[in-house]
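Student: Could you take a close look at one part of this predicted model, namely how its domains meet, and then follow a helix through its surroundings?

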Amino acid sequence: MSELGQFGLPVPPPTVNLETQRFWDATAEGRLVLPRCDNSGDVVWYPRERCDGPGSNSVTWFEASGRGTVYSCTVTRRIPGSWRKAAPFVLAYVELEEGPRVLTNIVGCDPETVHIGQAVQAVFDPTPDGPALLRFTPA
Amino acid sequence: MPPVTIRGKALIAGVYEHPGRELPDRTLPQIHAEVAAGALADAGLTLADVDAYYSAGDAPGFGALSMAEYLGLDLTYIDDTETGGSAYLVHVQHAAAAIAAGHVNVALITLAGKPRTGGAGPGGSARFSSAPEASFENQFGMSVPGGYALAAARHMHEFGTTSEQLAEVKVAASTHAQHNPHAFLQDVVTVDEVVSSPMISDPLHRLDCCVITDGGGALVLVSEAVAASLNRHCVPVLGTGTAIKHTSGGRIDLTHTGATRSGPLAFAEAGVTPADIDYVSIYDSFTITVLMTLEDLDFCEKGHGGRFVSDGALQSPGGALPFNTDGGGLCNNHPANRGGMTKVVEAVRQLRGEAQAAVQVPDCELALAHGTGGSLATRMGSATLVMGRST
């Protein structure tokens with residue numbers, strides 16, 4: 001985990017399992033693919049092969065826009081371990097156009113300029129294993 | 001049929017907070033044993049009296065199985081419920097229910113940890129890495145302060161809460177800690193000192209964060225029959241509530257905690273309202289944790305926490321709602337990075353009239369303790385207890 005990615009942040013490989021394979025395979029191709037509940041139509045985050053609504057728990061996967069807005073953000077300035085050399089960096093929740101709020105980083109900009117309500121666009125930050133991390137940059 | 005209640009059926013007979021804040025020469029099991037002995041001695045009981053044991057993720061090895069053997073307990077009831085730092089309040093609820101049901105006579109709850117001087121860390125790391133959410137949260141540099149900062153930033157955005165208002169929480173805690181000879185930090189600080197301390201993760205400064213200490217604590221709960229045989233002021237458990245708040249499939253709201261559900265449950269069971277409470281122990285991992293919890297427990301309107309904590313409202317005695325008179329996690333102690341245990345301990349001290357004299361709430365009849373385990377930024381186990389001076 002000593003390597004930094006294209007945006008100067010660590011790119012730790014995710015653990016891919018049977019439920020998240022579709023999501024991570026798509027990230028390797030630069031696409032955001034998410035599960036939608038067959039019952040309620042709600043988009044489910046984190047990605048998984050089930051939704052938690054009443055009735056059927058089945059989901060159908062679809063390609064999302066990658067557009068969103070910053071729901072909350074913080075500039076982390078002090079942190080121990082492998083992220084220390086990446087500080088200051090922006091940790092954020094981004095609310096996707098399709099609904100879910102996802103934990104992520106805002107990259108490709110001055111951390112001090114990131115703010116709640118800012119429009120952002122998905123970028124895919126490759127990990128050494130192939131899957132890419134879903135990060136965002138100002139739109 | 002009326003609902004079964006635990007109200008007054010179980011009493012806290014013994015409490016103990018380890019006086020150490022740096023314990024390099026002890027193992028984790030040794031600290032568990034020390035605090036167990038301390039709480040049992042406080043109650044006037046021994047290890048041989050214990051029939052139920054409660055431990056959480058800080059207990060090494062196989063939890064209650066390992067600790068029962070190490071401590072030499074003969075158990076017929078165990079509970080390893082893990083909700084992070086609030087687990088010990090959940091344990092009180094579970095022990096009270098088991099006592100009310102007649103399954104348990106003497107319940108022991110212990111906590112121990114050494115995050116300051118190393119040694120074995122808290123348990124549960126293997127469980128964390130295999131969590132279904134792990135790869136969607138752990139890849140982004142979310143420190144504990146960073147997560148709570150996300151909640152604080154959103155609270156500021158929606159309600160206009162300020163860093164100076166958050167600092168008031170730390171100021172009140174430090175004002176109390178000066179009277180606690182065991183407190184890790186005993187210096188009184190000002191709002192200016194808090195907001196000019198180094199920024200960790202905006203908007204949280206270093207002095208918005210709790211301390212990192214070794215140590216531990218323990219509680220002993222008993223039935224009414226056992227309590228009647230003891231020569232010690234026993235504190236009845238009047239109301240309990242637990243709630244899990246999570247990300248709801250991606251619909252997380254960062255501006256409230258699980259206290260919105262655990263609080264009403266505890267108040268209803270106790271048959272009291274927030275206005276009746278004389279003293280509160282509120283888990284203070286960070287200043288924002290206290291402010292949001294006070295709102296969610298309905299001590300003030302949602303969004304008004306910043307105004308509520310201003311002007312010394314949390315200071316004892318004399319403030320509108322005295323809180324964390326031991327100095328709390330912000331100043332006194334945060335053993336094992338888990339603050340729930342010491343919250344119950346200080347509430348019991350207040351109800352017994354055994355808090356430090358300078359911060360003792362006069363005629364303290366009703367106290368509330370609240371724990372928040374996990375993270376405000378993702379999922380948390382919230383637990384609320386209402387305790388009385390007498391039934």
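Tutor: The domain assignment places residues 10-128 + 214-234 of chain B in domain 1, and residues 142-212 + 237-388 in domain 2. To the contact between them, domain 1 of chain B contributes 32 residues and domain 2 of chain B contributes 31 residues. On the side of domain 1 of chain B that touches domain 2 of chain B, the elements giving two or more residues are strand S1 (10-17), helix H3 (87-100), strand S4 (106-113) and strand S7 (215-223) of chain B, and the largest share, seven residues, comes from H3(B). Sorted by class, this side of domain 1 of chain B holds 16 nonpolar, 11 polar and five charged residues.

Turning to the helix, H10 of chain B spans residues 287-296, and because 10 of its 10 residues are buried, it is largely enclosed by the rest of the structure. The buried residues of H10(B) include Ile288(B), Val290(B), Leu291(B), Met292(B) and Leu294(B), and also Thr287(B), Thr289(B), Thr293(B), Glu295(B) and Asp296(B). What they pack against is a set of helices and strands of chain B: helix H5 (144-159), helix H6 (163-177), helix H9 (259-270) and helix H11 (305-308), together with strand S9 (279-282) and strand S10 (366-374). Just after H10(B), the backbone at Asp298(B) takes a positive phi of about 70°.

Conventions
Residues are numbered from 1 along each chain as its sequence is written. Chains are lettered from A and ligands numbered from 1 in the order in which they are written. This is a predicted model: local features need pLDDT of at least 70, side-chain atom pairs count only at pLDDT 80 or more; totals for chains, interfaces and linings use all residues. Domain bounds come from an automatic or database domain assignment. Two residues are in contact if their C-beta atoms, placed from the backbone, lie within 7 Å. Helices (H or I, at least four residues) and strands (E, at least two) are DSSP runs, numbered from the N terminus. Ala, Val, Leu, Ile, Met, Phe, Trp, Tyr, Cys and Pro count as nonpolar, Asp, Glu, Lys and Arg as charged, and the others, Gly among them, as polar. A residue is buried if 20 or more other C-beta atoms lie within 10 Å of its own, exposed if 12 or fewer, and partly exposed in between; C-beta atoms are placed from the backbone.
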